[in-house]
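Here is a report for a first look at this structure. Start with the sequence and the 3D view below.

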Amino acid sequence: MSEKKIPYKIYLNENEMPKAWYNLRADMKNKPAPLLNPATHEPMTAEELSGVFCADLVAQELNDTTPYFDIPEDIRNFYKMYRPSPLVRAYCLEEKLGTPAKIYYKFEGNNTSGSHKLNSAIAQAYYAKKQGLKGVTTETGAGQWGTALSMACSYFDLDCKVYMVKCSYEQKPFRREVMRTYGASVTPSPSMETEVGKKILAEHPGTTGSLGCAISEAVEKAVTSDGYRYVLGSVLNQVLLHQSVIGLETKIALDKYGIKPDIIIGCAGGGSNLGGLIAPFMGEKLRGEADYRIIAVEPASCPSLTRGVYAYDFCDTGMVCPLAKMYTLGCDFIPSANHAGGLRYHGMSSTLSQLYDDGLMEATSVKQTDVFEAAEYFARVEGILPAPESSHAIRVAIDEALKCKETGEEKTIVFGLTGTGYFDMVAYEKFHDGAMSDYIPTDEELAQYAAKLPKID
């Protein structure tokens, strides 16, 4: 295929949009370990999970064998407001780096929520409405998921209660106000609204919070409120299923021009973006049809894959959620308050954890100041102000492109640009003022958390 025929932006038309989500687990030889009941240590049943989650989402969560789930028409119609999202050839970045590598990024920031999170938020709101619920509760870290869910709930006339990690609540007031604009109520977590919040505050006075704390509060609120269920923006199998629309569109766009990527890179917090981006490519890898180098990039301040333990752990700090087998730092691990952006979760998706443990993908961690250096560079060259989360992938994509410059290899690199950073200017300000620092937990600190992991026979 002639180089000149590849446009800057590869768009799909509406007819080329995926009509079904891809369930990566169907092609996994080693299935993700099941969620366990924290009291009995037995696999969670659909009946038990239905007390917390919507029934249709529980069915998706537990299904390891069905490769495709049809996307309901109402969701596909909503997707058309901002999908298909563009796959962009980073010609300017390639030229600036002087690399022979070909760099593409899938841009998920072209919607009001500013990120990929809307892909699952609208699906989960749809199923909640279908079940006749009054509303949903959730947590949010940097605020992207809470913003997306508030939009989705507004669309379906559902009440939305968001517990936002306290340090993000304070650092990102504008994202908080977007949620409120769409009708959501937003509470800094941990709070005095819930029993688990009171307990966490008593044990950790002055804590800046974590996703694990916020999850505990949101779950408690859901199970104690009639007509409500809890929804989660990452980690769970159902979320990775919905986010597969990212990877499916990416592959369709690449296939149109006969492009096969060598390296696929995504930022990794709980796993929603990474799992969605790599889904169809990992499927080919699992089926032996193709091979790709897949890299998960996480913050050095919250390094679950690269320095965590592969074990069963609570999904939340309050220990009210099921146990998941995952790479974890310990459910009471709280990232340093200087850590900007999302990617603050103590664990990693069970699906991605299994793939990583099987050696099917790599993981690396990067320092915060290096991430913002890459973010600033990308903004000046490509004209998009990236979210801090996305910039983890940008950092490693640039590093891999520079390696190609050294070796002369013409590799094709694809990374996920999960969203924009316009609500993250406090973090950018700290970086520009030289007030941003890097905090990397010591082995001794992590060992203390690991020692508290549940004992599962």
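Which residues of helix H2 (residues 55-62) are buried? They are Leu-57, Val-58, Gln-60 and Glu-61. Buried means under 20% relative accessible area, exposed means over 50%, and partly exposed lies in between (1.4 Å probe, protein chains only). Seen down the axis of H2, these buried residues fall within an arc of 160°, so they line one face of the helix. The arc is that of the directions from the helix axis to the C-beta atoms. An α-helix has 3.6 residues a turn, so residues three or four places apart point the same way.

The buried residues of H2 pack against strand E2 (20-22), helix H1 (46-49), strand E3 (68-70), helix H5 (118-130) and helix H11 (237-256). Contact here means heavy atoms within 4.5 Å.

**How the model is read**

This is a predicted model: local features need pLDDT of at least 70, side-chain atom pairs count only at pLDDT 80 or more, and totals for chains, interfaces and linings use all residues. Residues are numbered from 1 along each chain as its sequence is written, and side-chain values use heavy atoms, with hydrogens and water left out.

**The whole chain**

The protein chain has 18 helices and 15 strands. Helices (H or I, at least four residues) and strands (E, at least two) are DSSP runs, numbered from the N terminus. The C-alpha atoms fill a box of roughly 60 × 50 × 45 Å, taken along the principal axes. For 457 residues, a compact globule would have a radius of gyration near 23 Å; the protein chain has 20 Å, which agrees. That radius is taken over C-alpha atoms, and the globule rule is 2.2 Å times the number of residues to the power 0.38.

Buried residues make up 63% of the 457 residues. Among contacts with a separation of 6 or more, 77% join residues 24 or more positions apart. The accessible surface comes to about 17000 Å², and 50% of it belongs to carbon and sulfur atoms. Accessible areas come from the Shrake-Rupley method with a 1.4 Å probe; for residues, only the protein chains shown count as cover.

**Nonpolar cores**

A nonpolar core is a set of buried Ala, Val, Leu, Ile, Met, Phe, Trp, Tyr and Cys residues joined through side-chain atoms within 4.5 Å. The largest core has 73 residues, and Trp-21 and Tyr-79 touch the most other members. H5 gives the most to this core, with eight residues. A second, separate core has 35 residues, including Val-371, Val-381, Ala-393 and Leu-417.

**Two buried loop residues**

Leu-24 sits in the loop between E2 and H1. Its relative accessibility is 8%, so Leu-24 counts as buried. Beyond neighbours within four places in sequence, Leu-24 is in contact with Ala-279, Met-282, Gly-283, Leu-286, Thr-351 and Leu-355. Leu-24 and Ile-252 are 228 residues apart in sequence and 17 Å apart in space, C-alpha to C-alpha.

Asp-424 belongs to the loop between strand E15 (412-417) and helix H17 (425-432). Asp-424 counts as buried because its relative accessibility is 2%. Its side chain makes a polar contact of 2.6 Å with the side chain of Lys-172. A polar contact is a pair of N or O atoms within 3.5 Å; within protein, one must be able to donate a hydrogen and the other to accept it, and residues adjacent in sequence count only if both atoms are side-chain atoms. Not counting residues up to four places away in sequence, Asp-424 touches Lys-172, Arg-175, Ala-387 and Pro-388.

**Backbone features**

Most residues other than glycine have a negative phi, and most peptide bonds are trans. The table lists exceptions.

| Feature | Angle | Loop |
|---|---|---|
| Arg-83 to Pro-84, cis peptide bond | omega near 0° | Pro-84: between helix H3 (73-79) and strand E4 (87-89) |
| Ser-189 to Pro-190, cis peptide bond | omega near 5° | Pro-190: between strand E8 (185-189) and helix H9 (195-203) |
| Asp-157, positive phi | about 55° | between helix H6 (144-155) and strand E7 (159-165) |

Asp-157 counts as exposed, at 63% relative accessibility. Val-235 is buried, with a relative accessible area of 10%.
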